[in-house]
Amino acid sequence: GPGGEMALWDIKGKVLDAPVYELLGGKYRESIRIYCDTHAGESLGEAQSEDVDPREVYTPESYARAAREVVDEGFEALKFDLDVRTHRDVDTAARRLDNEAIEHKVSLVEAVREEIGYDVDLGFDLHWNFTVETATRLAKKLEGYDLAWIEDPVPPHKYDAHRRVREATSVPILTGENLADPGGFKQMLDAEGMDLAAPDPHNCGGLRNFTQIATLCDLEGVPVAAHNIQSPIGTVSGAHASAAIPNFVALEYHARDVPWWEDLVSRTGESGDVIEEGYVDLPEGPGLGIEVDPDVAAEYALDGEDVIF
């Protein structure tokens, strides 16, 4: 699988005494820009209670506070979930929002922009949850906030539906984490269904497929904002691949709420965390250029999982 493919790149790099990005053709950039997935500002579990109005959990104030914290940590790009529950009687099976729900979502976007301004790239994720009609109505309401993108507005693999949303709004459309190989991206590109592509090296077959997808996208003028919900090892792998493509925008970071994430790896012969001030400075050591701390891995392994080195 993709994890094994990445391990083989690491092994090959160590054998040849070269960083993985060199094996992929060389680097276009020294540092990889990270966008921070800021989730939904507050606990998802809290909003699931029957006694809580979701609008009291997913508030403009909570989104603004979370955005300020992320920007103060040095990130120049971030995204939030925008498919959160609004009021309890929304018919989620219909994938349609009423005006009240749409206005609630607009209030979240407005609060974040008011807090952090317009110099920060800001995206919002819809997690494939809506109809073309609802996604379009929402996107039109968000056009004044100069968003970097809205992500996955309609169900995956509905290529023409993505095109219809894209044609109806000036807000850029990002999609692709569910497309499993270069062929899937070719279909979406042919359908003109995305403004930005979100290949995930772990979902699309590994680093080689990732670079091939980036080439297909580059031919159509589509930049890459890579999806990534992986460990530091997977994130560094994605950083090497992101360095080797020309049409790169940002790489996702999904673990801001995992306190031991940075403790799991160290740079081979170098100091510093994997992510500093919103960027990954490419490790220069052989292979991926990182080493795993076996004690940290063992401490946080899932019950029943063996950690083998």
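Predicted model: local features only at pLDDT ≥ 70, side-chain atom pairs only at ≥ 80, totals over all residues.

Numbering runs from 1 along each chain as its sequence is written, and side-chain values use heavy atoms, with hydrogens and water left out.

**Helix pair.** I looked up helix 9 (residues 182–190) and helix 10 (residues 207–219), and they pack at about 15 degrees with axes 9 Å apart. That makes helix 9 roughly parallel to helix 10 (angles under 35 degrees count as such). On the helix 9 side, I found Pro-182, Phe-185 and Leu-189 in the contact (heavy atoms within 4.5 Å). Helix 10 brings Asn-209, Gln-212, Ile-213, Leu-216 and Cys-217.

**Threonine.** Next I went to Thr-235, which sits in helix 11 (residues 232–243). Thr-235 has 1% relative accessibility, so I put it down as buried (under 20% relative accessible area, with a 1.4 Å probe and protein chains only). Leaving aside neighbours within four places in sequence, Thr-235 touches Asn-228, Gln-230, Leu-251 and Trp-261.

**Two glutamates.** Most residues other than glycine have a negative phi. I noted Glu-192 for its positive phi, near 55 degrees; it lies in the loop between helix 9 and strand 6 (196–197). Glu-277 also has a positive phi, near 50 degrees, and belongs to the loop between strand 9 (265–267) and strand 10 (279–281). At 58% relative accessibility, Glu-277 is exposed (over 50%).

Conventions:
Axes fitted to C-alpha atoms, helices over the stretch in contact; angles between N-to-C directions. Helix = DSSP H or I, 4+ residues; strand = E, 2+ residues; numbered from the N terminus. Parallel < 35°, antiparallel > 145°, perpendicular 65-115°, else oblique.
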